[in-house]
Amino acid sequence: MCLINFQLNEHPKYKLIVAANRDEFYNRPSQPAHFWEDEPVVLAGRDLLQGGTWLGITKTGRFAALTNYRDPSKPEAGKISRGAIVKDFLVGSEHAETFLNTLEPADYTGFNVLAGTADQLFYYNNLQGAAVEVPAGTHGLSNHFLNTPWPKVVKGKKLLSEYTALHENLHLDTIFAILANAEQATDAVLPKTGIGLEFERKLSAMFIKTPEYGTRSASIVLIDYENNVTFAERTYENGEFHAQQVFEFAIE
């Protein structure tokens, strides 16, 4: 993922609300969300290049999602795929805090990961190196640390918070519309991450569309206080809507 806006224990109906966009090169092969044949409890998309995933949930309520930490000065060659972190947590049984704190930071290029359940969620970044429990509230995560005020993070948190504050029953179409916001930030508020001004502009939008890279999928996860899950995904091809699917189940 490149943008994860989420709300934890702040809504009258849902204890966890996740609205996330996955940005990736268009030519990287992947599968849309599905229950995996080799791990039937896991519901997630799958990277067909390395076998990992960027966001997923299990029938038992384990949840994880990951973003890259943007630092083009650090080489990626020889590192373990970051998508393996989400996969390993979802298929495992370790407590999230223990799992995260036993990761070897140097094995991966920079990443952020959220892992746990709707009742207790943890955040970990391998540059900081220690898992911290996420407090109740509305949060945003892009390609820096949790709640770093990049324009897309600030906008996503604001739009999600305003919508959920006014509605007990949430509509998927409205949240997908938030995630589809393609407005770019002004130059004055752009982060400087070493990728050049033109690309900083393009990546500042919540929904990204360039000739070779952009938003490949949008995911919504809703978990209510009775442990019912709604997992919705929209996939895109070259920046254009392709398909939508919705999964619903009760946590076992």
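**A helix and its surroundings**

Reply: Helix α4 covers residues 172-179, and Leu172, Ile175, Phe176, Ile178 and Leu179 are buried in it. Seen down the α4 axis, these buried residues fall within an arc of 155 degrees, so they line one face of the helix. The arc is taken over the directions from the helix axis to the C-beta atoms. Buried means under 20% relative accessible area, exposed means over 50%, and partly exposed lies in between (1.4 Å probe, protein chains only). Helices (H or I, at least four residues) and strands (E, at least two) are DSSP runs, numbered from the N terminus.

This is a predicted model, where local features need pLDDT of at least 70 and side-chain atom pairs count only at pLDDT 80 or more, while totals for chains, interfaces and linings use all residues. Residues are numbered from 1 along each chain as its sequence is written, and side-chain values use heavy atoms, with hydrogens and water left out.

What do the buried residues of α4 pack against? Their partners are β2 (14-25), α3 (151-166), β11 (213-224), β12 (228-237) and β13 (240-250). Contact means heavy atoms within 4.5 Å. Threonine 230 is in β12. Threonine 230 has 14% relative accessibility and therefore counts as buried. Neighbours within four places in sequence aside, threonine 230 touches Leu172, Ile220, Val221, Leu222, Val246, Phe247 and Glu248. Leu172 is itself among the buried residues of α4.

Now the sheet under the helix. α4 lies across β2, β11, β12 and β13, and runs at about 145 degrees to β11. Axes are lines fitted to C-alpha atoms, for helices over the stretch in contact, with angles from 0 to 180 degrees between N-to-C directions. β2, β11, β12 and β13 belong to an open sheet of six strands, in the order β10-β1-β2-β11-β12-β13, with antiparallel pairing. Strands pair if DSSP finds at least two bridges between them. The edges are β10 (137-141) and β13, each with a single partner strand, so one side of each has no neighbour in the sheet. On average, neighbouring strands here are turned by 10 degrees against each other, direction ignored.

Phenylalanine 6 stands opposite histidine 139 in β10. α3 also packs on this sheet, touching β1, β2 and β10, and its direction makes about 35 degrees with that of β1.

There is another sheet. Seven strands form it, also open and antiparallel, in the order β3-β4-β5-β6-β7-β8-β9. Its edge strands are β3 (30-35) and β9 (132-133), each pairing on one side only. A hairpin of six residues links β3 to β4. These two strands run antiparallel over four bridges. Phenylalanine 35 faces leucine 43 in β4. Further in, β6 (residues 63-68) pairs with β7 (residues 111-116) over six bridges, again antiparallel. There, phenylalanine 63 has glycine 116 of β7 as its bridge partner. Helix α1 (residues 83-91) lies across β4 (42-47), β5 (55-58), β6 and β7, at about 170 degrees to β6.

The grid step is 1 Å, over protein atoms alone: a cavity is where a 1.4 Å probe fits but cannot get out, a pocket is an open set with protein on both sides within 12 Å along at least five of seven lines, and lining residues have an atom within 4 Å of a point. Points join across faces, edges and corners, and a volume is the space filled by probe spheres set on them.

The largest pocket has a volume of about 1100 Å³. Its lining counts 41 residues, with Glu24, Asn68, Glu76, Arg82 and Thr109 nearest its centre. β2, β6 and α5 each give two or more residues to that lining. β2 gives the most, with four.

How many cavities of 30 Å³ or more are there? The count is one. The largest cavity holds about 50 Å³ of space. Arg70, Trp150, Pro151, Lys152, Pro191, Glu200, Leu203 and Ser204 line it. At least two of the lining residues come from α3, and at least two from α5 (197-203).

Last, a residue on another helix. Threonine 98 lies in α2 (residues 96-101). Its relative accessibility is 39%, so threonine 98 counts as partly exposed. From threonine 98 to alanine 19, the separation is 79 residues in sequence and 26 Å in space, C-alpha to C-alpha.
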